[in-house]
Amino acid sequence: MGLRSWIVSRLGRDVLAEAEERAARTALAEATASSVVDPDEHLWRSLTRDPRRDLPEITHDRAIEVCFHLYRENPLGSRITELNRDFVVGDGITWSARHPGVEEIVREFWTDEVNDLDRRLGDFALELGLYGELIPEVFVGEISGVVQLGMIDPSQVRAVIPAEMRTASGDRRPNPLVPDRIRIRGRGLGVGGKELRVIRSRDGRLEGDVFYFRVNGVSSSTRGWPDLLRIADWLDAYDQFLWEVLERASLMRTFIWDVTLAGMDQAKIDEWVRRYGTPPRSGSIRAHNDKVQWQAVSPSLGSHETAKDAEVLLEHLAAGAGYPKHWLSSAEDVNRATAAEMGLPTLRRLATRQRYFLACVHRMIRFVLERAVEAGRLRVDADGKLPAHDEDGRETSERHRPWELVELHAPELSPKDVASAGQTLRSVVEALVIAEEAGWIGREPIRQVLASLLALLGIDYDPSVAPARAGQEEGGEEMPPEVAAAFEAALRAVG
């Protein structure tokens, strides 16, 4: 079944279900309301959702189903969806904690047989882009405070209800920036669906039943939408185009034998076909007189500019998905230099998604640590803080909240070009030496330039720290120790 046929059938079921639900609501309203109809009923607007920025419920549900179908059935849709996951999570997200008690709690949550975040974070990152929403449910042990995760499918969500907050004028108004409850679809006509509290800060601590994370929505909308939504029709069109190219290629390889029988009437032609109508086998002998002409005929379907049309469609899809075309398969007219430049905007976008995803994971860790504190498994002071520990495990004077002692580490989105950075460093250093000898630049700007260049090689050097002078040598001042160490590391990096 093609995507359009599938959408039509799906839409038919959704429209029927919506009509039944609307009829049920109408019948209920007529049974309980008075016979007088509100004269301004047409001016009614939902307080929980801005219809100008949120998709209608039935459209949102269909968008999720269509994008999931494209991910499952369309090769390019699957590729685009998994690229997000592969760059955000990469080889895996790791963590570190600067307190042994915090480390124990986080490790227990991370490696729990249900949570298994080393494996599931890839699924979470993929589904966040696939559905535009990620809704992990939490199950908390009543005594131990141990947290295990579940998952709610976004297709089961009827609405996300924002919290009502008091304005400066004193009235209360829904704030779409603060999701408060999620209304889950019930059975049958949707009557009787339950509401779950979104985990958010209440009186300084996270409380609720489910986390709610979303992407691609705007500030005034209450829900997110899938990454593939913008290009869903184009993905289907590209898929259909390739199928048509395949069908045409198959037809181009077909042929028939056209036999001309000169001077024969229809009866003689039928007799000839009966006796000699079987096509000759390969390597066989065929003999005939000058009144019989054999000719193999194949169709001419005019398949012009097919490759160019495919490239145009792929370019449009790549631009809509936010990826360079050569990331999706095509490497035409692309070399190493242009590929590096074309990938920069995509890496910026992926870095934004990675930062948001890490913030989502960190929020879950905060919830876990707060439950551990409530259960008495983690002792904090009166301010709810713990002492930080250094790399050697010694307690320091710094005190932080438990979740502030946890740091997440994600893989870099692009490898450093060490050779190029090394060549640049060598050239710039030579220029700086000439500039300093000529009196054009001082030591402080030189240290700032060196810090920027060394950062490209992954080497930390703080230009604000004044170097300690180690004495004088013939021909000038000795190189500061930290600068010398940085240069040695740089030289090792570039071989």
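Analyst: Asp203 counts as exposed because its relative accessibility is 83%. (Exposed means over 50% relative accessible area, buried under 20%, partly exposed in between, with a 1.4 Å probe and protein chains only.) The model is predicted, so local features need pLDDT of at least 70 and side-chain atom pairs count only at pLDDT 80 or more, while totals for chains, interfaces and linings use all residues. Residues are numbered from 1 along each chain as its sequence is written, and side-chain values use heavy atoms, with hydrogens and water left out.

Asp203 sits in the loop between strand S8 (200-202) and strand S9 (205-207). (Helices, H or I, are DSSP runs of at least four residues; strands, E, are runs of at least two; both are numbered from the N terminus.) The phi of Asp203 is positive, near 60 degrees, and Asp203 is not a glycine. Most residues other than glycine have a negative phi. Asn216 also has a positive phi, near 75 degrees. Asn216 lies in the loop between strand S10 (213-214) and helix H6 (232-252).

Gly132 has a positive phi too, near 80 degrees, and follows helix H5. That leads to the packing. Two packed helices are described by the angle between their axes and the distance between the axes. The axes of H2 (residues 57-73) and H5 (residues 117-131) come within 9 Å and cross at roughly 125 degrees. (Axes are lines fitted to C-alpha atoms, for helices over the stretch in contact; angles run from 0 to 180 degrees between N-to-C directions.) H2 and H5 are therefore oblique to each other. (Under 35 degrees is roughly parallel, over 145 roughly antiparallel, 65 to 115 roughly perpendicular, and the rest oblique.)

H2 brings Ile64, Cys67, Phe68 and Tyr71 to this contact; H5 brings Leu126, Leu130 and Tyr131. (Contact means heavy atoms within 4.5 Å.) Seven of these residues are nonpolar, none polar and none charged. (Ala, Val, Leu, Ile, Met, Phe, Trp, Tyr, Cys and Pro count as nonpolar; Asp, Glu, Lys and Arg as charged; the others, Gly among them, as polar.)

The buried residues of H2 include Ile64 and Cys67. Glu57, His60 and Asp61 of H2 are buried as well. In H5, the buried set includes Leu126, Leu130 and Tyr131. Leu117, Leu121 and Phe124 are also among the buried residues of H5.

H2 and H3 (residues 75-89) pack at about 100 degrees, with axes 5 Å apart. H2 and H3 are therefore roughly perpendicular to each other. Leu70, Tyr71 and Glu73 of H2 meet Pro75, Gly77, Ser78, Thr81 and Glu82 of H3. This contact divides into three nonpolar, three polar and two charged residues. Tyr71 is named in the contact with H5 and in the contact with H3.

Now the helix lengths. The end C-alpha atoms of H2 are 24 Å apart, which agrees with the 24 Å its 17 residues should span at 1.5 Å a residue. (The expected span is 1.5 Å times one less than the number of residues.) H5, with 15 residues, reaches 20 Å from first C-alpha to last, close to the expected 21 Å.

For context, the protein chain has 13 helices and 17 strands. Buried residues make up 35% of its 495 residues.
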